[in-house]
Amino acid sequence: MSKKITYTYNSRYPSVADLRKKAKSRIPKFAFDYLEGGANEELNLARNESDFDDIYLKPQYLHVAGDIDMSVELFGRRYSAPFGISPIGLQGLIWPNAPEILAKAAAKHDIPYTLSTVSTSSIERIAEVSDGKAWFQLYHPTENQLRDDILRRLKDVECPVLVVLVDVPSFGLRYREIKSGLSMPPKMNISNIFQAMIRPTWGIKTLQHGIPSFATLKPYMEKGLDLNQLGKFMNRTFTGKVNYEKVKAIRDIWKGPLVLKGITTEQDLQAAIELGADGVIVSNHGGRQIDAGESSIRSLIQLNANHVYKEKIKIMVDGGIRSGVDLGRAHAVGSDFNFMGRPFMYGLGALGDQGGDHTITMFKAQLYQVMQQLTLENISQFPGRLIQR
Ligand SMILES: Cc1cc2nc3c(=O)[nH]c(=O)nc-3n(C[C@H](O)[C@H](O)[C@H](O)COP(=O)(O)O)c2cc1C
């Protein structure tokens, strides 16, 4: 008799759609718009989700399967499930104390949480609450001195994986953010203050945890900057532009696992391999940069990850994953590991401190059910269940 695992979570929220609906009623509109928005007309944002629908999986009912093990090995560590939490800037503005809640939940579940350079908790604090398990995503600083100092801090806390973001040579043009005043420099206008007042839980928790700030960057900022000065500081401090030479310099300094995030083409994937990166995240920044681009799952399919590159580099994906079925689909077309951004923030918006734990458990339960249905024992068997068309 094979062993069956039962996952327990709040049954009022069995799906991402349920969490999203509740979160929308608890997060102020300007922050929810910031979370949800995509570039321009938001076409690529929509494709990120809908292109998953075209990937079909087949069962094999008479196959005798043993126990299910959804754990995977990545960069010398074993994670309990093949997904992690994407970096999100200004996370604590969307839900107070978000980085700490998510980093703790991820550490408890043994999955990776990734802290953004422009998130609202510091490298040191997140290392502490995650028992040193959290990954870090670097926005490339304009000055090498700042880059070196951030890398030194990561080394000091023994950060296990460095993710370098490559897909922001310009800030995405997002109409929702421009309208709500969340572009750089950010504005707190009367409308935003009103939106916060009608979301009392968010307001009280924000008072408890303090006004969110770019905690990792604090040592490099002058004290007491107003919003306008803060915007100027951010524009001055980060170019966003990363190229071959800049990654090469990082590879020379950073000896641990190095991942490039935002890869969508064969040329960039080959460059990543040449540069000695250990992994890439196929990603279009959650549809927030190029509206005319393809969905990230399409990019992954085009890269033919199952075949050509399998032995050379870890190929991971994010963008539009909304269920255990989507996780299975991503593996079927060659993903080694997956990340999600918005779903975890919906979880926090809906369930506060319990949101991280709930959302992780929910995805584990969903993935487990898909594996049972397809009679799979481990994640690497998904490609065998892809319906080729
Ligand atoms: C509100 C928001 C802020 C983000 N900030 C960052 C960031 O600071 N650094 C980064 O590498 N990616 C950032 N991303 C992109 C995510 O890491 C991830 O690629 C994307 O959310 C995945 O798509 P999904 O939300 O559909 O899962 C952000 C995404 C959102 C929605």
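Select S283 and the ligand: an oxygen atom of the ligand lies 3.4 Å from an N or O atom in the side chain of S283, a polar contact (a pair of N or O atoms within 3.5 Å). This is a predicted model, in which local features need pLDDT of at least 70, side-chain atom pairs count only at pLDDT 80 or more, and totals for chains, interfaces and linings use all residues. Residues are numbered from 1 along each chain as its sequence is written, and side-chain values use heavy atoms, with hydrogens and water left out.

At G341, a polar backbone atom is 2.8 Å from an oxygen atom of the ligand. Taken alone, the ligand exposes 600 Å², of which the protein buries 98% (Shrake-Rupley method, 1.4 Å probe).

Next, select K29 and D33, which form a salt bridge with the closest N and O atoms 2.8 Å apart (a side-chain nitrogen of Lys or Arg within 4 Å of a carboxyl oxygen of Asp or Glu). K29 and D33 are four residues apart in helix α2, so about one helical turn separates them (helices are DSSP runs of H or I, at least four residues).

Finally, display D278 and R251, a salt bridge with the closest N and O atoms 3.0 Å apart. This pair links distant parts of the chain, 27 residues apart: D278 is in the loop between α13 and β8, and R251 is in helix α12.

Note on methods. Polar contact = N/O pair within 3.5 Å; in protein donor to acceptor, adjacent residues only side chain to side chain. Helix = DSSP H or I, 4+ residues; strand = E, 2+ residues; numbered from the N terminus.
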